[in-house]
Amino acid sequence: MIQEYPHGHHESVLRGHRWRTVSNSAAYLLGSLRPDMAILDVGCGPGSITVDLASMVPQGKVIGLDTTSDPFEEGLKLAAERSIANVSFKVGDAKQIPFPDKTFDMVHAHQVLQYLNQDDRLQAIREMRRVAKSGGLVCMREADQGTVTFYPELDGLNEFVNLYCKVARASRGEPNAGRRLHTWAKEAGFLAADISATAGTWCYNSPAERSWWSGVWVDRIEQSDWRDTTITGGHATQNDLDRLADAWRAWGSSEDAWYAIVHGEVLCQMR
């Protein structure tokens, strides 16, 4: 059975996703790209990274894979706006990738494994290995909520991070995925010698960045599926969420606001 993305596809969620590009979210794989590559982007969402990758492999092709076609319209629109024709999208499950063995030169996943339980995430990595060619790469990047740091040091934002982690673990996900990513690759069958593990960051500080980032989370707290999951799961009340949304507003309105989070990254070489 295809597992749905737990945050859903509310506009506020897609707003956060469509900001992502290869430059700000997958720069670790830039040195490995070739113009003629066939690439699979697992958990592609609205396709901003997918389309960006396609622009970098003009003689190749990129396919975005996700559990629902709901966000694909945005990816197709973006590709048309940028006159990029070598990209397409397909509905499918990371645990049962609908392609034959050894199809792709690179298989990429960004912010996918943290939402899966232990068995499912290992199965997903094994599936990514299966569809990658010999000599190809499996590339994965995951956030690590335990590394979140921010200023001003608001109690409400600390409470939010703790709640986010609680909700994630209640659904058997792992919010501190970044620090574990290289070990998951080994558990799925990659040799340590074939794994290059690095770290990347997101950092928000400029007036535009802090307005955008705080606005994304205010709306996700107030309107997305995450809100419903948090309340129905008994993790917080509506009053609690109202207070946390106000904390995000307070952070975003501070001219000194600064926020950063570390991501674990791995490039896994196929033998």
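Is Lys166 buried, partly exposed or exposed? Lys166 is partly exposed, because its relative accessible area is 46%; on this scale buried means under 20%, exposed over 50%, and partly exposed in between, with a 1.4 Å probe and protein chains only.

Quick housekeeping. This is a predicted model, so local features need pLDDT of at least 70 and side-chain atom pairs count only at pLDDT 80 or more, while totals for chains, interfaces and linings use all residues. Residues are numbered from 1 along each chain as its sequence is written, and side-chain values use heavy atoms, with hydrogens and water left out.

Back to Lys166. It lies in helix α6; helices here are DSSP runs of H or I with at least four residues, strands are E runs of at least two, and both are numbered from the N terminus. Lys166 and Thr230 are 64 residues apart in sequence, and their C-alphas are 9.3 Å apart in space.

Now, the aromatics. Searching the whole structure turns up 23 aromatic pairs. To count, rings of Phe, Tyr and Trp (its six-membered ring) need centres within 6.5 Å; planes under 30 degrees apart are stacked, over 60 edge-to-face, and the rest tilted. Take Phe160 and Trp217: their ring centres are 5.1 Å apart and the planes sit at 65 degrees, so that pair is edge-to-face. Phe160 is in α6 (residues 155–170) and Trp217 in α8 (residues 207–223), so you have distant parts of the chain linked, 57 residues apart. Both of these residues are buried.

What about Trp217 and Trp248, stacked or edge-to-face? Stacked, because the planes are at 20 degrees, with the centres 6.4 Å apart. Trp248 belongs to helix α10 (residues 238–253), so this pair ties α8 to a part 31 residues away in sequence. Trp217 counts as buried at 7% relative accessibility, and Trp248 does too, at 0%.

Let's stay with α8. This helix has 17 residues and reaches 24 Å from first C-alpha to last, close to the 24 Å expected at 1.5 Å a residue; the expected span is 1.5 Å times one less than the number of residues. Its buried residues include Trp213, Trp217 and Arg220. What do the buried residues of α8 pack against? Among the partners are α1 (11–18), α6, α9 (225–232) and α10, where contact means heavy atoms within 4.5 Å. Arg220 itself has a relative accessible area of 5%, and its C-alpha is 9.0 Å from that of Ala245, 25 residues away along the chain.

Two charges also sit over rings, meaning that NZ of Lys or CZ of Arg is within 6 Å of the ring centre and within 35 degrees of the ring normal. Arg121 lies over the face of Trp184, 4.2 Å from the ring centre, and the charged end of Arg129 is over Phe190, at 4.7 Å.

Last stop, the strands. In β2 (residues 61–66), 5 of the 6 residues are buried, so the rest of the structure largely encloses this strand. Strands pair when DSSP finds at least two bridges between them. β1 (residues 38–42) and β2 run parallel, joined by 5 bridges, with Ala38 opposite Lys61. Between them the chain passes through α3 (residues 48–56) in a right-handed β-α-β crossover: with the strands pointing away from the viewer, the path from the first strand over the helix to the second runs clockwise. β2 is also joined to β3 (residues 87–91) by 5 bridges, again parallel.
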